[in-house]
Amino acid sequence: TLFPYPTVVRSPARGARACLPAPAQMKAFLGALLAYVLSLLALRRRMWSGGPHPRIPVTGGGSSSRAAYEMSPSPATAYWKDTREWYLCDAGKLCESLRPVFIQSFLDHGTQIFLNRSIEKSRWLSIQLYHSFMSSVFSMFLSRTSINGLLGRGSMFVFSPEQFQRLLKINPDWKSYRLLDLGAGDGEVTKVMSPHFEEIYVTEMSQTMIWQLQKKKYRVLEIDEWQNTGFQYDVISCLNLLDRCDRPVTLLKEIRSVLEPTRGRVILALVLPFHPYVENGGKWEKPSEVMEVNGKIWEEQANSLMEVFQEAGFAVEALTRLPYLCEGDMYNDYYVLDDAVFILRPV
């Protein structure tokens, strides 16, 4: 059973074992369950008091497609006062190479639809209670990303269809051949890009997320397979993956090796400030390969990434600042991090 309740208890006074009759077992289980639900309701009531849910930027992550539920709030920037802050960039602090390619983004219709849906879902109390309880059970043997894949929750949002087209400088009818989405998660971000491609390939480490991708009919490649298929890709997306993989510099070079050399493009998103960690058996560890990203503010770290991309054989064709959004839960309508989104071309 998924919800075992104890048939034996230990007396705190004597350490002796005593068997509870079945009705007592059931009452103990129901009492514990009721206390759990009431504690969640009380916490949700406190979150509701004083106005709308806080918009909490968070740090940390999941596996290949980081789950924001594993991130802890950043005390330095606990609340977003205005969604316009998600897109702000001081262009004067960008280096001379990045300044002319920066694209100013804004809260558009596609992003608002995701936010509205997330807010609505966070108010589904029975579903949120179910997700919270099941997450507590499964967390004993599954990663947070796998739990989200199993429950069908925690979808991510990086860009809208219009933002994707604007970054690549394409029109809605533009078509190409092959897309490779590395660390595709549940495939919701892949879905934004997929109408423009005939063949769609994805990779993912979480088995439950792989099930979600297969249901969407995407071609799932093994982690060590996409580099050795014998063909090249027209567009490769690497979204919020470099800071959660063990060898980010090697990954960039492998992307370069399988990208179509003339018309090929990479769309790469990276959470800034840069905090690389790798999930290993439920523990967070430093990656074995160091990717040097210097600077303290968003613009300085974006400048530093220019050198990283150049060493891997890329030039930056476009840059924008976007919010990296995740569906919320009982406690918050949604979660948000700062993304730098680059379009890279091979050189």
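Author: Asn 240 is found in the loop between β9 and α8; helices (H or I, at least four residues) and strands (E, at least two) are DSSP runs numbered from the N terminus. The model is a predicted one, in which local features need pLDDT of at least 70 and side-chain atom pairs count only at pLDDT 80 or more, while totals for chains, interfaces and linings use all residues. Residues are numbered from 1 along each chain as its sequence is written, and side-chain values use heavy atoms, with hydrogens and water left out.

Asn 240 has a positive phi of about 55°, although this residue is not a glycine. Is Asn 240 buried or exposed? With a relative accessible area of 0%, Asn 240 is buried; the word means under 20% relative accessible area, whereas exposed means over 50% and partly exposed lies in between (1.4 Å probe, protein chains only). Lys 217 is exposed, because its relative accessible area is 73%.

Let us now move to the nonpolar core. A nonpolar core is a set of buried Ala, Val, Leu, Ile, Met, Phe, Trp, Tyr and Cys residues joined through side-chain atoms within 4.5 Å. The largest such core has 41 residues, and Leu 268, Phe 309 and Phe 342 have the most contacts inside it. At least two residues of this core come from each of β6 (176-182), β9 (235-239), α8 (248-258), β10 (265-271), α9 (298-311), β13 (314-327) and β14 (334-346). Which of these elements supplies the largest share? The element is α9, with six residues.

Leaving aside residues up to four places away in sequence, Leu 268 touches Cys 238, Leu 239, Leu 242, Leu 252, Phe 309, Ala 340, Val 341, Phe 342 and Leu 344, where contact means heavy atoms within 4.5 Å. A second core of 39 residues is separate, and Met 156, Phe 157, Ile 200 and Tyr 334 are included in it.

The helix α9 deserves a paragraph of its own. It has 14 residues and reaches 21 Å from its first C-alpha to its last, close to the 20 Å expected; the expected span is 1.5 Å times one less than the number of residues. Ten of the 14 residues of α9 are buried, so this helix is largely enclosed by the rest of the structure. Among these buried residues are Trp 298, Leu 305, Met 306, Val 308 and Phe 309. The buried residues of α9 pack against α8, β10, β13 and β14. Just after α9, Gly 313 takes a positive phi of about 95°.

Pro 273 is found in the loop between β10 and β11 (278-280), and a cis peptide bond, with omega of about 5°, joins Leu 272 to Pro 273.

Aromatic rings come next. Rings of Phe, Tyr and Trp (its six-membered ring) pair if their centres lie within 6.5 Å; planes under 30 degrees apart count as stacked, over 60 as edge-to-face and the rest as tilted. The structure holds nine aromatic pairs. In one of them, the rings of Trp 86 and Tyr 87 have centres 6.4 Å apart and planes at 55°, so the pair is tilted. Trp 86 is buried at 1% relative accessibility, and Tyr 87 is buried at 3%. The rings of Tyr 201 and Phe 231 have centres 5.3 Å apart and planes at 40°, so this pair is tilted. It links distant parts of the chain, 30 residues apart: Tyr 201 belongs to β7 (residues 197-203), and Phe 231 to the loop between β8 and β9. Tyr 201 is buried at 7% relative accessibility, whereas Phe 231 is partly exposed at 22%. Ring pairs also link Trp 86, Tyr 87 and Tyr 334 into a cluster.

The charged end of Arg 178 sits over the ring of Phe 231, 4.0 Å from its centre. A charge sits over a ring if NZ of Lys or CZ of Arg is within 6 Å of the ring centre and within 35 degrees of the ring normal. The charged end of Lys 286 sits over the ring of Tyr 277, 4.6 Å from its centre.
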